Amino acid sequence: MDILAMAVKLFTKNGMVASFMVLGLITFIAYKMGSLTKGRVHGSAIAIFLGLVLAYFGGSVTGGSKGIADIPLFAGMGLVGGAMFRDFAIVSTAFGADLREIKKIGLRGVASLFIGEFICLVAGIAVAYPLGYTSAVDLVTIGAGVATFVVGPVTGAALGASSEVIAISIAAGVVKSVLVMVVTPFVAKPLGINNPQSAMAFGGIMGTTSGT
């Protein structure tokens, strides 16, 4: 057995370890590419884009429904992208909030958060309804996904939404996050986003911390 075959067998048996290695490599490449833009395009936006490309490639090659996880060598991606790590991301994001900065921004920050979530929810429903998603469960799930790609699947799972609708909610949230990350550096100066408080208000209105 040659070295390549041994490596494939080893990574297939230890899918989760292999998936973290792949994610680390993707993140490294993405941030190197981001540095070439001098911060104009954030590395995490590039990483998300590369992840979507890999997911599409994996699903297309295998004809499966789990993206890159349909390839046995990368089966661990299914666990890393599953509910357990999703919930971990929610908790870690919450613990990463700086209460001192939240107190500084005060009522404006709270108002921007509620306004942003409401706008995202309404926007998601407004787009989904004409496309044929008319049930309350589908509309709320997609609207929640537009608010954030983490809340979308949580809401969908709680309400019993179909996997198709949950996937749409995730995709909508990811697209929004990537757009915010890409566009924010170009509009930060005109909008006066030059301190943590203004960034929090902008992030609240946009319904995401990505890029802010």
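T155 sits in helix α8, which covers residues 151-159. The model is a predicted one.

The relative accessible area of T155 is 17%. Buried means under 20%, so T155 counts as buried. Leaving aside residues up to four places away in sequence, T155 is in contact with V140, T141 and A144.

## Annotated transmembrane regions

An unreviewed UniProt entry gives the feature "transmembrane region" for residues 16-34, 41-59, 71-97, 109-133, 139-159 and 166-188. These assignments come from the record, and such annotations may be inferred rather than shown by experiment.

Two of these spans can be described from the model. Residues 139-159 are 86% helix and 0% strand, with end C-alpha atoms 11 Å apart. For residues 109-133, the end C-alpha atoms are 32 Å apart, and the span is 80% helix and 0% strand.

## The nonpolar surface patch

Which residues make the nonpolar surface patch? The patch is formed by I115, F118, I119, V122 and I205, and its area is about 460 Å². Helix α6, residues 99-128, supplies the largest share of the patch, with 4 residues.

I115 is located in helix α6. Its relative accessibility is 46%. Partly exposed residues lie between the buried limit of under 20% and the exposed limit of over 50%, so I115 is classed as partly exposed.

How values were computed. Residues are numbered from 1 along each chain as its sequence is written. This is a predicted model: local features need pLDDT of at least 70, side-chain atom pairs count only at pLDDT 80 or more; totals for chains, interfaces and linings use all residues. Side-chain values use heavy atoms; hydrogens and water are left out. Patches are made of residues with over 30% relative accessible area and no salt bridge: like charges are joined within 9 Å, nonpolar side chains (Val, Leu, Ile, Met, Phe, Trp, Tyr) within 5 Å. Accessible areas come from the Shrake-Rupley method with a 1.4 Å probe; for residues, only the protein chains shown count as cover. A salt bridge is a side-chain nitrogen of Lys or Arg within 4 Å of a carboxyl oxygen of Asp or Glu. Helices (H or I, at least four residues) and strands (E, at least two) are DSSP runs, numbered from the N terminus. Buried means under 20% relative accessible area, exposed over 50%, partly exposed in between (1.4 Å probe, protein chains only). Contact means heavy atoms within 4.5 Å.
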